[in-house]
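Welcome! Let's take a friendly walk through one protein model, a few spots at a time. Have the picture open as you read.

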Amino acid sequence: MAELHQTPTSLCCCRKSLPASGTRCVGDLGRPSASPGPGSPRCPLVDVASASNFRCFQLRHFHLDLRLNFAVKEMSGWLVLDLIPVQPGVHTLVLDSHPSLLIHSIDCKVPGSGQEEPVSLTYRVDLFTDYGSSLNISLPTAAVKPARLIQITVRYTTTDGPAIWWLDSELTCGQSRPLVFTQGHSVCNRSFFPCFDTPAVKSTYTATIRVPDGVTVLMSASRSSYSKQDRVFQFSMEFPVPSYLVALVAGDLQHVDVGPRSRVWAEPCLLSCAVKKLGGSVERWLGVAEELFGPYLWGRCDIVFLPPSFPIVAMENPCLTFIIASILESSEFLLIDVIHEIAHGWFGNAVTNATWEEMWLSEGLATYAQRRITTEAYGEAFTCLETAVRLDALHRQLRLLGDNNPVSKLQVKFEPGVNPSCLMNLFTYEKGFCFVAYLSKVCGDVSRFDCFLRDYISEFKFKSVIAQDLIDYFLNYFPDLRDAAVAQREGLEFERWLSGCGPPLYEPDLSAGGALTRPVQDLCELWRSSDVPDLQTVSAFDLSAWSTFQIVLFLDRMLDLAALPHDVMAGLSSSYASLFDGLNAEVQIRWLQLVVRNSFYPELPRVRAFLHKHTSRMYTVPLYDDLVAGVMKCVAVEIFNQTQRRLHPNLRRTLQQILFQTSAGQANQNGPPLSIVPPSPSTSPQPQPAAMTTTSTAGTTAAIALRDVNVSA
């Protein structure tokens, strides 16, 4: 097991910002405001999810030049890496790659050396894990010297790797033209281009993308241009980013500006709806975030809505957030998703977790920041309600997994070969949030903690950090807390927060949301009994006046109950089913899960209608999983046979795995890991083995990260 062994006062930060000073190895940084204690050991950063020798080189910049071929679903072209060796005697460059990448040739140039023609290099591809391979490139001995720039060009073609999703026209919203998008989180982009596929390494990049006529290309870049005559798009990301945040989408896309630095992109049939839903809110949310955490660093804050085949809810690609169009049905969930991705502009994108074993550094801080933004914009009661939904889900997950399961740690250690995406769960978000909320509480003043976060971003922007960086900076920022030994308070030790299993050691007070959550709990109590409650009493609760989050909290808590008697289900159906028909998919899927889990056949037509309408992973997998787990497997097979042609091949394989118990490798051989985002509050996955398992899980566990939470994946 690869671990970072750290003393409580050690400081390990992997690199400085680019391009001014380039990549730095762990321990190279000296910051008076966050320095380690005397004699503290420095440790090299180990990323067991990367096959690359990234610590041997400084990646200054890279350039992609690709031609998109929709007919054969391939991207072909080349990658140019600007590298500076930082250690003597290194004559091999090892990049993360993938078996789906076809490498044609590799060459090397040394700018300023008088060498005009590139030198062809030999290379070898070795198996690394089931999610990637290593590309081993032999470098010319005479050319490779510390601090001397070399340029490596890799010519290659992509095929069916997990990062690249080709959609036939029937799978798009408009069903008129094909579309392609990439999804790099967390270790998929090694099938998009050879790279140092670790969050520890950041660099700037540029790209040239050549496309057929009528195709619009977008990338996670700060600048772009288009030559209509040549059908070539040019992109430049002037701020350093890790490989997983390089993203591309190409298809029939149009835009509308919704603010001075924001525009909404979507297929033409979706655009007006998306613009109406967001309006001028994006600029408002950005303004609130800037007041709290300092300037937005990325220039643009655009959003592109993708078809239902997008495998997660949202992805915080810098300058261009990807969001699934299905979420447009629910204004409240859309609000939370967009604000969460905006928060990543500070936490996750500007300051990034250096290893996947500490994803909470991005997701926990972004969740805290999201809730600070919603508190300022919509009030404390709204934020407390949304938090109650998420913490309910966290405790639901704990009941399933057990308090001693290693996946409940904030610092999860895993064996080489384990896909980091398998460790993306609610603990990453909500236990991480609770730790950050605890740090805020011990400060005594939330505005004081806001100032700390502002300065934390200023100190570490465009760098990758580990937890000890945050903790050391916190203790040095608040010397009164350091002197009071706040990190060693009995029962709330920082080390226990990070390394301990089980529930959060502290949860924030949510009583400010009581006016919204108390009616929900009161209604649940009425329906908990084995007898049908008095319908006149029930009618006093007007769910048509409730918010989406209130109804979701009610249904989630009903789903937590043991099997409900038939007459209770009949009472729920007569009271609410018609109302739920007119509400969004977030409400409907929870009601239908309640129907399926309790084998309430009168509502089965609604289950059929829902699965015929919705083709996204987040709305199909949980229902299929429940259908198969109960007595309705034959119904699930029938619906699948009727709808499979409208499902993306990756989702089709997942559902086949659930329905027919095929092996995980067969079902997901061409798709990305399923657990990119944490569990849905309404999804009840089966307990999983410890984080050291090396294979994907099927069925119920495939639903662990499909809805209701925000990605950094």
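Strand β2 (residues 74-85) and strand β8 (residues 150-157) run antiparallel, and eight bridges join them. Within this pairing, leucine 79 stands opposite valine 154 of β8. Keep in mind that this is a predicted model.

**The sheet around them**
- Both strands belong to an open sheet of eight strands, with mixed pairing.
- If you trace the sheet across, the order is β5-β4-β8-β2-β1-β11-β14-β13.
- At the edges are β5 (119-120) and β13 (223-227), each of which pairs on one side only.
- In general, strands of a sheet pair through backbone hydrogen bonds, either parallel or antiparallel.

**A residue to look up: aspartate 65**
- You will find aspartate 65 in strand β1 (residues 57-69).
- Is aspartate 65 buried or exposed? Its relative accessible area is 6%, which is under the 20% cut-off, so aspartate 65 counts as buried.
- Leaving aside neighbours within four places in sequence, aspartate 65 is in contact with Ser76, Gly77, Trp78, Thr208 and Arg210.
- Aspartate 65 and isoleucine 209 are 144 residues apart in sequence, yet their C-alpha atoms are 5.9 Å apart in space.

**A pair of helices**
- The axes of helix α15 (residues 585-597) and helix α16 (residues 604-613) come within 10 Å and cross at roughly 135°.
- The two helices, α15 and α16, are therefore oblique to each other.
- The crossing of α15 past α16 is left-handed.
- On the α15 side, Ala585, Gln588, Ile589, Leu592, Val595 and Val596 make the contact, and on the α16 side Arg606, Val607 and Phe610 do.
- These contact residues divide into seven nonpolar, one polar and one charged.

Note on methods. Residues numbered from 1 in each chain as written. Predicted model: local features only at pLDDT ≥ 70, side-chain atom pairs only at ≥ 80, totals over all residues. Heavy atoms only, no water. Pairing = 2+ DSSP bridges. Helix = DSSP H or I, 4+ residues; strand = E, 2+ residues; numbered from the N terminus. Axes fitted to C-alpha atoms, helices over the stretch in contact; angles between N-to-C directions. Parallel < 35°, antiparallel > 145°, perpendicular 65-115°, else oblique. Left-handed = near helix turned anticlockwise from the far one by under 90°. Contact = heavy atoms within 4.5 Å. Nonpolar A, V, L, I, M, F, W, Y, C, P; charged D, E, K, R; others polar. Buried < 20%, exposed > 50% of the residue type's maximum accessible area, 1.4 Å probe, protein only.
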